[in-house]
Amino acid sequence: MNRFLDAVERGGNALPHPATLFLLFSMAVVFISELCFRAGVSAQYTTVSKGESQVVVKNAISLMNADGIRYMFSSAVSNFTGFAPLGTVLVAMLGVGVAEGTGFIGALIRKVVMGTPKQLITIVVVFLGVMSNVASDAGYVVLVPLGAIIFMNFGRHPLAGLAAAFAGVSGGFSANLLVGTIDPLLGGISTEAARILDPSYNVLATANYYFMVASTFLISFIGWFVVEKIVEPRLGEYSGSHKVSLDEQTAEERRGLRFATISIVIFVGIMLAMLLPEGGILRDQATGEILGRSPFVTSIVTVIMMFFLFPGVAYGLGAGTIKSDKDVVHAMSKSMSTMGGYLVLAFFAAQFIKYFSYTNLGVILAAKGAEFLQAINFTGLPLIIAFILVSAFINLFIGSASAKWAIMAPVFIPMLMQMGFTPEFTQVAYRIGDSTTNIISPLMSYFAVIVAFAQAYDEDAGIGTLISTMLPFSVCFLLGWTALLAIWFTLGLPIGIGVGIHM
């Protein structure tokens, strides 16, 4: 296993710089799009919009004709500024930068480190990663870098901590003990697909709740096993330039933490005052929900930024590391200055992902994968396993869970309903495939972010380093999660509140 992973890492890192690699990927998409266009490559699938099924035909679009060239020139800036992780990362880093610059994060982690058994840190980091998806994408920009810092504080390899957090956040994206933002999103698509056969069918946000609760513990355990038995032994002892002291806390640090705690209590109180009352400011004004498309969910990055900013400032005032507003602005500026490499990487990654979308190559791959599953004529559990594998493969090319499901659900939900499987069961199988290959796909929108985080601890880290580190997680998650579904299927257990496997 180690020899294989070393070969993957060497092969990946022998490639050019990740930014150059994304540029080359973009050029390849341009060339392939022209070949597919000339060959007349297309895909046809059925989708559902406003309760009505529609047949959609997608043809390969060339980037080498006049329209494609105009698109590449005119969209370069908007592709970059519209790159989903860009604003998320930069806004969150304003708050995190203050919390780190004033010493709050360091002091807090030292306090946690000194009070937590070493043997529990790994599973706690993975578990927190899984739970973070309730706050959408915030875990990528907050917990993943914190995982590295936590491990370093324990004298362990920071890339192992980064991998543990990334595995939980992204590889276990669908699992949670709470109903997250992804549940109503996928449920809405599944509802529309199910109504092709049954106009009254409704898939609730709690449709997969029981299975996802069990999955949370499974993913946490598998993540712990992979870190302890595969990833960290392979990484060895950390010899980088980043070092963290575990000195005892000073009186100033303790006072700063008290100030920070008070500020967190006040901030949480204000947030609850805007969320708990009926008609609260941050609730969805149409439905009254806290989750879904409420202002709270859509502004979660701003909330995360303030959650770090306020206690960071309070800590600085208490510990004496902040003398004036200039110190706060300096901490923000310093955090932004560390993002230069990421900005370069993000520019080229954004072009690649947008080109892939513009040419329809991703949609065609998804539709062809759906056709393949229909053609092989599997039934029962083998069909479900094949469906998971195809979902996992397609996920390497289309990162958005909802975009893939909008294409696949109208095909597979009616098909499996006719075989006696509930739409909720089909949805839960899809979610397994959709999550497990996130962590090894360069097309996943936050992949470039994680590479940049890794390079802070290892300047030579590249795409090969990250893929070779995360591949054991991906394989083990896929095998373990599929095995859990097979057991669930064999026992006939309910997968959600009031929902079973069979119609």
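The protein chain holds 21 helices and two strands, taken as DSSP runs numbered from the N terminus, with at least four residues of H or I for a helix and at least two of E for a strand. The model is a predicted one, in which local features need pLDDT of at least 70 and side-chain atom pairs count only at pLDDT 80 or more, while totals for chains, interfaces and linings use all residues. Residues are numbered from 1 along each chain as its sequence is written, and side-chain values use heavy atoms, with hydrogens and water left out.

Of the 503 residues in the chain, 53% count as buried; here buried stands for under 20% relative accessible area, exposed for over 50%, and partly exposed for what lies in between, with a 1.4 Å probe and protein chains only. The chain exposes about 21600 Å², and carbon and sulfur atoms supply 66% of this area, as computed by the Shrake-Rupley method with a 1.4 Å probe, where for residues only the protein chains shown count as cover. Among contacts (heavy atoms within 4.5 Å) with a separation of 6 or more, 81% are between residues 24 or more positions apart.

The buried residues of α2 include P18, L21, F22, V29, V30 and C36. Just after α2, G40 takes a positive phi of about 70°. F31 also belongs to α2, which covers residues 18-39, and counts as partly exposed because its relative accessibility is 49%. Together with I32, L35 and M64, F31 makes a nonpolar surface patch of about 380 Å².

I69 lies in helix α3 and is partly exposed, at 37% relative accessible area. Its C-alpha atom is separated by 9.5 Å from that of V30, 39 residues apart along the chain.

Aromatic rings come next. The chain's count comes to 23 aromatic pairs, the rings of Phe, Tyr and Trp (its six-membered ring) being paired if their centres lie within 6.5 Å, and called stacked for planes under 30 degrees apart, edge-to-face over 60 and tilted for the rest. Y71 and Y358 are stacked because their ring centres are 4.0 Å apart and their planes are at 10°. This pair links distant parts of the chain, 287 residues apart, with Y71 in helix α3 (residues 66-81) and Y358 in helix α15 (residues 340-358). Y71 counts as buried at 19% relative accessibility, whereas Y358 is partly exposed at 22%. Ring pairs also link F22, F25, F352 and F356 into a cluster.

In the loop between α15 and α16 (361-376) sits N360, a residue other than glycine with a positive phi near 70°. N360 counts as buried, at 11% relative accessibility.

Finally, helix α11 (residues 251-275) has 25 residues and reaches 36 Å from its first C-alpha to its last, close to the 36 Å expected. Its buried residues include L257, F267 and M271.

Notes:
Patch = residues over 30% accessible without salt bridge, like charges linked within 9 Å, V, L, I, M, F, W, Y side chains within 5 Å. Salt bridge = Lys/Arg side-chain N within 4 Å of Asp/Glu carboxyl O. Expected span 1.5 Å × (residues − 1).
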